[in-house]
Amino acid sequence: MRKLVLSLLVALAGTASAQTLKIGAPQPMTGPDAPFGDKFKKAYGMAVEEINAAGGVNGKKIEVVIEDHMAKNALAATVAEKLITQEKVLILTGGRASGQAMEIASVAQRLKTPYMVDHPSADMITTKGFEWVFRNNPTGSIYPAAFNDFISKYPDAMPRSAAVVYDNTLFGKTIAGAAMKFLKSKGVAIVADEAYPVNTLDFKPIMTKVKGTNPDYMLLVAVATTDAILVTRHAKEMGIQSRAFVGFGGGFGVADFASQLGGLAENVFSSAAWSGNPNDPRTKAFYDKFHAKYGIWPHEHEVEGYAAIYIIADALKRAKLTGNLDADRDAIRKALLETNMETVFGKVKFGNWTGPTGDPFTNQNVYSLEHSVLAQWQKGQLLNVWPKEFAETKLVFPDPSTAKK
Amino acid sequence: MTRRSAVAWVAAAALLAGLPLVVKNSFFLHVCILVFLWTVLGEAWNALGGYAGQVSFGHAAFFGVGAYVTIVLFLKADVAPWWGIPVGGAAAAAFAVPFGLITFRLKGPYFSLATLAVAELTKLVALNWEWATNGSTGYLVTHLPPLRLGGLTVDWETKTPFYLAALSLLVVAMGTIGWLSRSRLGAWLTAIRENDEAAEAVGIDTVRAKVLTLALSAFLAGMGGGFYAFYFRYVDPDAVLNIGLSMEMVFIAMVGGLGTVGGPFIGAVFLTTVGEAMREKFQVGHLVFYGLFMMLVIRFLPEGIWGRVRRAIRRAPAVEVSRGAA
Amino acid sequence: MGALYAMIGIGLTIVFGVMRIINLAHGEFVMLGMFAAFWSQKLWGLDPFLSIVLWTPVLFGAGVLVYRFLLRRIIPGGELNTLLYTAGLSLLVANLALLLWSGDYRTLPLAYAVTPMRPLGVAVPVALAIGFAIAGAITLALWLFLSRTDAGRAIRATSQNPEAAVLMGIDVERVAALAFGLGTALAGAAGVLLAPSLYLYPTVGELLIVKSFVIVVLGGLGSVPGAIAGGILLGLVESLGAVYVSTTYKDGLGYVMFLLVLLYRPSGLFGVGKAG
């Protein structure tokens, strides 16, 4: 049996030539998160194709090695370890969900391999002082930044009370916690604080309860698109009369949200880590190209994955690679520290700073706060409305369809 | 156990202990650690499921309790893992007593469903009892305490200490189950498995025997959880209290051989390697083979791989392992 | 929703009653029903509420085949073997679906069902209302089948007392195949009806099966009316629990109820099943 294991491991060991620069990406290719793994696979594929077609990195081709972690933490650690020691990748990215990303970060830190986080949003990943871990995307606690800015500055927008409904995952709790902390600091009463399990099929009972508290603002947090759509549907159907419905999480910004909710989506705000401005030529070019290639419109995930490969390629280009794996990984880490560029996701520069809830960040994109945008559904389209300098249209507030007359 | 087989077991353990001196490939050691850990969990499950015929779908609860107790003791009270892991196991065993007193009032599939429900409730509590578990945020260990053994500082960044720790757990688990299979308790369990009412009729306190076994089983699973916490260094409810975890323990014992000491090890090796090879070959479809494989084993090797091999080796008349749970 | 869960539960309970099998692959049959509805609408433009007429017999046939070729030989091996065997089957089917159709979350929107009806000011989703009505009709038809036909009586007799059934000259083998086919057809039909109201993806079965177990146990394993009552009860408890206790522990309430019933009313609140 032992022999079998050994020969198997030899067979598993990497075979690609030293000519390619390898990037490892643990992603959920099967299991409950499989659709997300596929999004990243497509995004990486397109970036790699473009970079290699343009001559690669310093004459070498790049390659992304994806390993399936099935959304299981222990398996995420296993495949990260395998990518580092067997596939001998120079750098890791991916991860998808925060639990798995924690494991990958932990392994990367121990085995001294850079890990460029592209999507997982738990604050903890970049607040533990892991100097080998970098993150381009905003953390959970940053999601409400644009919303906080809006209620502080827009005339008469400060909530008189707020109901917060969020899923009981790390994602949901982080965002809801950050939003509530800010609201409380402004003296806003939180009249309902309700956590629900992911994939709830019926939100009407929660909404019955919330309706009784008569909230001025309705804040909804969902990590799953399914929940985002259903929680909004049931909140509206129960006839909650708030001046604004604000959604946090990718699901509130996808096309399905409008197509399935129809009129119910109208005037709902989405405060997201990123909601691409389709009028920006760079974003539009990416959207069109991605759609032409795969036949689907990209969202946050695809943009993050695509941008990650460009950030990594940029660091690979600047790092002096010698062929010694340990030295090269350190060189890449140092190159990442010097990153200062702009991708389709936005500006990126890694630094150490203090986050909105007081946590010390290590190697977190310093432009994260600026990535947060408040958008609003208007006539079936999601348009950026805040901050003013990114606004595509005038925002509608209070929501005439739900606010008390 | 004959003297010869005892010698064989000790030699095998010694050989395994020497492995890190020869093999430097850290990923290979990682796979070995996983196999050891899965074996421990499979043995734990097997004590109850294999010997006593009580199919639990809730063993993740014990694993989770062990993991949480161990990591919380370390982070909040500076209790080093080598003390924390046995304490975690003991906590899981303590947790098993009420768990058993509730669920053992039921038999057969009703017991199985009840364990599932209790495990899900445990997970729900872990998700929401922020004060003790930190909720869905979970606990992360970034540094392990320094340890000097025989003048050498243990390097936690290498695999060897974890490998040896996992191997020790494996020895403890296999030793315990080996003892169990020959003890009076083991004989009671077999009687319970074959016919619960008859066992009761001949004066066996079946509930006490089952609860004792469950506590033992939970102790092993809890230590496995504690080890997991320090090896993977991150504990959250989804990772350590998952139904999938309970199911995998069942598979391992089942594929290897129910009610055997060696079975779970074979099951763990097989599933780890087959799983890994399939994952490699068929990115998306690998679980198809996993499912197919399970069905084939149950269809053609209902006594498990080890059970079959052992029978072939001994050429003894087959010891029929009856699997009726009730 | 409760009625549809109850339908899934009835399928589970019939199979258990006759064969003492807890079919862990039951949720996957629901999933297959959902995908069948999805593809027949996508490819042939068939409304799910029409295609159910096609898919129910197809799934019945599939169930009979699964029983004949996969399950029959396993059953003598005991409850644990069958349990694990169906767990393997569930993995196999779910991942085959994943391979074939990818893991995307799909929806089956019906043009006429976007805006909810509002009888008495309470919003009721159209698709769910129709699904509810059809599920009710199917359940009624099933009840008539079980109580009025010979085959139905044979099923009930077998689930109440298999030994006696054999003595009465019932072909238990045939009854088992029939029951398994029926259970599969019910699961599939529920899937078809659920498709317009739920997201469909290959692993959706997991989500559904846990709830169906709770329902079936509440009503008493093996009892058809029990499953119906269990479905309604669980729906009520979850709704009221969310309002009066807390949303987070709402699912827990279902489990606690499940345990209490198992412990103190092992035959279910209304059931004929027996535990212990």
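Which residues does A:Leu316 touch, not counting residues up to four places away in sequence?

Reply: In this predicted model, A:Leu316 touches A:Leu21, A:Val57 and A:Ile332 once residues up to four places away in sequence are set aside. The residue itself lies in helix H11 of chain A, which covers residues 300-318. A:Leu316 counts as buried because 24 C-beta neighbours fall inside 10 Å, the threshold for burial being 20 or more. A further relation across the chain concerns A:Ile62: 254 residues separate A:Leu316 from A:Ile62 in sequence, yet their C-alpha atoms are 9.5 Å apart in space.

The setting of this residue is chain A as a whole. Chain A contains 13 helices and 16 strands, and 59% of its 405 residues are buried. Of the contacts in chain A between residues at least 6 apart in sequence, 67% join residues at least 24 apart. The C-alpha trace spans about 70 × 50 × 40 Å along its principal axes. The radius of gyration of chain A is 22 Å, which agrees with the value near 22 Å for a compact globule of 405 residues.

Chain A also holds an open sheet of 7 strands with mixed pairing, in the order S7-S6-S8-S9-S10-S15-S16. Its edge strands are S7 (189-196) and S16 (381-386) of chain A, each of which pairs on one side only. From one strand to the next the twist averages 25°. At one end of that order, strand S6 (residues 161-167) of chain A pairs with S7(A) in the parallel sense over 7 bridges. Within this pairing, A:Val165 stands opposite A:Glu194 of S7(A). Helix H6 (residues 170-185) of chain A packs on the sheet, where it touches S6, S7, S8 (217-221) and S9 (244-248) of chain A. The direction of H6(A) makes about 165° with that of S6(A).

Further along the sheet, S9(A) and S10(A) run parallel and are joined by 3 bridges. The bridge partner of A:Phe248 in S10(A) is A:Ser271. Strand S10 (residues 269-272) of chain A is covered on both faces. A:Phe269 and A:Ser271 are buried on one side, and A:Ser270 and A:Ala272 are buried on the other.

A:Asn199 is placed in the loop between S7 and helix H7 (204-211) of chain A. A:Asn199 is partly exposed, since 16 other C-beta atoms lie within 10 Å. Leaving aside neighbours within four places in sequence, the contacts of A:Asn199 are A:Ala224, A:Thr226, A:Asp227 and C:Leu207. The C-alpha atoms of A:Asn199 and A:Ala224 are separated by 7.4 Å, although the two residues are 25 apart along the chain.

Chain A also meets chain B: 29 residues of chain B are in contact with 28 residues of chain A. On the chain B side, helices H2 (26-51), H11 (237-240), H13 (263-281) and H14 (286-300) each supply at least two residues. H2(B) gives the largest share, 6 residues. By class, this side of chain B has 13 nonpolar, 10 polar and 6 charged residues.

Chain B in turn touches chain C, with 34 residues of chain C in contact with 35 residues of chain B. Helices H4 (79-101), H9 (204-219) and H11 (250-264) of chain C are the elements that give two or more residues to the chain C side. The largest share of that side, 15 residues, comes from H4(C). Its residues divide into 23 nonpolar, 8 polar and 3 charged.

Within chain B, the axes of helix H7 (residues 160-182) and helix H10 (residues 206-232) come within 11 Å and cross at roughly 175°. H7(B) is therefore roughly antiparallel to H10(B). H7(B) contributes B:Phe162, B:Ala165, B:Ala166, B:Leu169, B:Ala173 and B:Thr176 to the contact, while H10(B) contributes B:Leu216, B:Leu220, B:Met223, B:Gly224, B:Phe227 and B:Tyr231. By class, the contact of H7(B) with H10(B) has 10 nonpolar, 2 polar and no charged residues.

Methods. Residues numbered from 1 in each chain as written. Chains lettered and ligands numbered in written order. Predicted model: local features only at pLDDT ≥ 70, side-chain atom pairs only at ≥ 80, totals over all residues. Contact = placed C-beta atoms within 7 Å. Helix = DSSP H or I, 4+ residues; strand = E, 2+ residues; numbered from the N terminus. Nonpolar A, V, L, I, M, F, W, Y, C, P; charged D, E, K, R; others polar. Axes fitted to C-alpha atoms, helices over the stretch in contact; angles between N-to-C directions. Parallel < 35°, antiparallel > 145°, perpendicular 65-115°, else oblique. Rg over C-alpha atoms; globule rule 2.2 N^0.38 Å. Buried ≥ 20, exposed ≤ 12 C-beta atoms within 10 Å, placed from the backbone. Pairing = 2+ DSSP bridges.
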